[in-house]
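Subject: Structure for your review

Dear colleague,

Please find the structure below, handed over for your review.

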Amino acid sequence: MTQDPSEILIDCRDVWKVFGERAEDAIAAIRTHGAGKREVLRDFNCVVGVAEASFQIRKGEIFCIMGLSGSGKSTLVRLLNRLIEPSLGEISIRGRNISQMNRKDLRALRAHEIGMVFQSVALIPGRTVLDNAAFGLEVQGVARAERHRIALDALARVGLSDWANHLPKHLSGGMQQRVGLARAIASDPGIILMDEPFSALDPLIRRQLQDEFRQLTKSLGKSAVFITHDLDEAIRIGDRIAIMKDGMMIQIGTAEEIVLHPADAYVAEFVAGISRLHLVKAHSLMLPPGAYAGPVEKLARTAPEADVQALIDLVLAAPEQAVAIAEGETLLGVVTARTLLQGIRGEDADQKAQ
Amino acid sequence: MAWRDGIKAFDAAIDAGMVWISSHGNEAFALLRGLLEGGFGAILWLLAELPFWALAGMVGALGWRLLGARFGAFATASLALCAALGLWTETIETLALVLSATTMAVLIGGGIGVFAGLSPRLAQVLDPVLDLIQTLPPYLYLLPAIAFLGYGPATAILATFIVAVPPTVKLTALGISRTPVEFLELGAASGASGWQVFAKIRLPFALASIMAGVNQSLMMAFGMVVIAGIVGSGGLGQTIYASVRTLDIARSVDAAIAIVVLTIVLDRLSQTAARPQGQQKEIRT
């Protein structure tokens, strides 16, 4: 896939973060003879937070990093705005290497280009909702009336303009996290870093916020790096998902790719419980048109992006118990009741052939 | 005997040292004395300009606003009682002593506390010193003060300052150092400068702790100004000291009552400011 390089907002190349007193020795060992995580812990008593992270995030993309606690995901997200200095490797934001920025440039980058939302929300208790939302602008030195106008606009986007003059403690957890989001978007950054923002919320509010967040981010054309320990959340929100384990990104891909082709047993175990109904699409299930015995022309047609849920409805309604997949006038394949059952089990056309 | 000679030599050395310090530092001590007495004089002048009922009314109004009508009435009645006991001049002298020593403690101690809160190493050095100040009997601080500054309110204020300063330093340092880490992260991630993080995040979070320190310093100062009556501080402390020497117990009890009600009023007023942010009246924009 070739992409216009100007569209790449975040570019991480072989980024490492090593914690420990002898981190420098450990890094030297990594550099010279490619020492791995285990050797680094054994020989230098250093912990590798992030290892060999290489990925790119494009404009408008929502990139989810999924991992359990201790997997290094929170460290990784803090490397992106240099709250943590990388030990090794290069991180570029819009083509500028952030490790080489001086303090002034770094402050400008954080103020204008990268917003951040925290799991703990971190609303300052003595400030009103409006003044919390305006915090980033206040730091930038935007005049009071102007920053209040912008912050009120951001609060309106998250549906909280009526609460502007309340104190944070009067708001529920979900509302507080909306304020956190409003604070991040008020500075109009191109990138929003979300550090497990919805983890502490109850499931209903959480799903609602996930949908709102995705909608808002897409409508504003922002890129987002979204950290979560919940694969369902990653699938719901992310355009692409990276699975992290022990500091390593063990797989990066779309939800469908990860569910259908888990890179290893660890990922496979994670995706085992994930419902395929909305995830698996017709194009990865369908058989070639020739494999269908009956007359293909008589079948109902649908697009290759149709998910399993939609296909089930179509197949149940069709007397032939099959549906043709077509892009415009071109016939691409056929999905039968049998292929659907296999799809729900988590196999695609390639695996069936084996 | 040898050890007696040793002690004599020790005493002689101290005397010589004191003579040397007072002869060489004379101008510095004169300046310090002038500053302390000047500040005290200014505050006393302000308080003395007002008739007692005006001051009582103002304190009552402040109490009413901060703590409600009942406390406001109590505060006014307390000050009126001080005047009724015939101790108004002494009362405002004591008030001026406490306010000047506490103001110094808050300005200097607060400044030191901020640096100690930001630098764990400075805090490590300061902690044993502050602990020592609080461990020793406060009476002791009158000795160096009177040696250098002589008999009078300047000595009383300096000794009171020494006794009053540790709580402000300690609680300011504690408040400043205990900023929740997620808020420091918020500051950094928002592109805030070091000064902005201090002013907009660290200080608001530390305020309740700082105010608790100020309240405690104020209370320490009240305790000390009574003791300082012995070095000619003026005010209620000196009244108590003088009455006790002449066995005028009734008058010393009057002065003690005045001290107690004055302490209660100022304690409650300064405690209100120390309440956590959530319990104060809502801030409106």
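In chain A, strand 6 (residues 114-117) and strand 7 run parallel and are joined by 4 bridges. Please note that this is a predicted model, and that what follows was computed from it or, where stated, taken from a record.

Together with helix 9 (residues 203-220) of chain A, strands 7 and 8 of chain A make a right-handed β-α-β unit.

Turning to chain A as a whole, the chain has 354 residues, of which 43% are buried. Its secondary structure comprises 16 helices and 13 strands, and its C-alpha trace spans about 70 × 60 × 40 Å along the principal axes. Among the contacts in chain A with a separation of 6 or more, 68% are between residues 24 or more positions apart.

The domain assignment divides chain A into domain 1 (59-113 + 189-271) and domain 2 (282-353). Taken over C-alpha atoms, the centres of these two domains of chain A are separated by 34 Å. In an unreviewed entry, UniProt places the feature "domain: ABC transporter" at residues 30-271 of chain A. That span of chain A is 44% helix and 22% strand, and its end C-alpha atoms lie 32 Å apart.

A further feature of chain A is a hairpin. Strand 12 (residues 322-327) and strand 13 (residues 330-336) of chain A run antiparallel and are joined by 6 bridges. One of the pairs consists of A:Val323 and its bridge partner in strand 13, A:Val335. The hairpin has 2 residues between the strands, and A:Gly328 takes a positive phi near 65° in it.

Which elements of chain B touch chain A? In total, 18 residues of chain B are in contact with 22 residues of chain A. Helix 9 (181-189) and helix 10 (194-227) of chain B are the elements that each give two or more residues to this side of chain B. Helix 9 of chain B gives the most, with 6 residues. By class, the side of chain B that touches chain A has 7 nonpolar, 7 polar and 4 charged residues.

For chain B, an unreviewed UniProt entry places the feature "transmembrane region" at residues 42-64, 71-89, 95-118, 139-165, 218-237 and 249-266. Two of these spans may be described further. Residues 139-165 of chain B are 78% helix and 0% strand, with end C-alpha atoms 15 Å apart. Residues 249-266 of chain B are 100% helix and 0% strand, and their end C-alpha atoms are 26 Å apart.

Yours sincerely

Conventions
Residues numbered from 1 in each chain as written. Chains lettered and ligands numbered in written order. Predicted model: local features only at pLDDT ≥ 70, side-chain atom pairs only at ≥ 80, totals over all residues. Domains from an automatic or database assignment. UniProt positions renumbered as here; feature names shortened; annotations may be inferred. Contact = placed C-beta atoms within 7 Å. Nonpolar A, V, L, I, M, F, W, Y, C, P; charged D, E, K, R; others polar. Pairing = 2+ DSSP bridges. Right-handed = clockwise from strand over helix to strand, strands pointing away. Buried ≥ 20, exposed ≤ 12 C-beta atoms within 10 Å, placed from the backbone.
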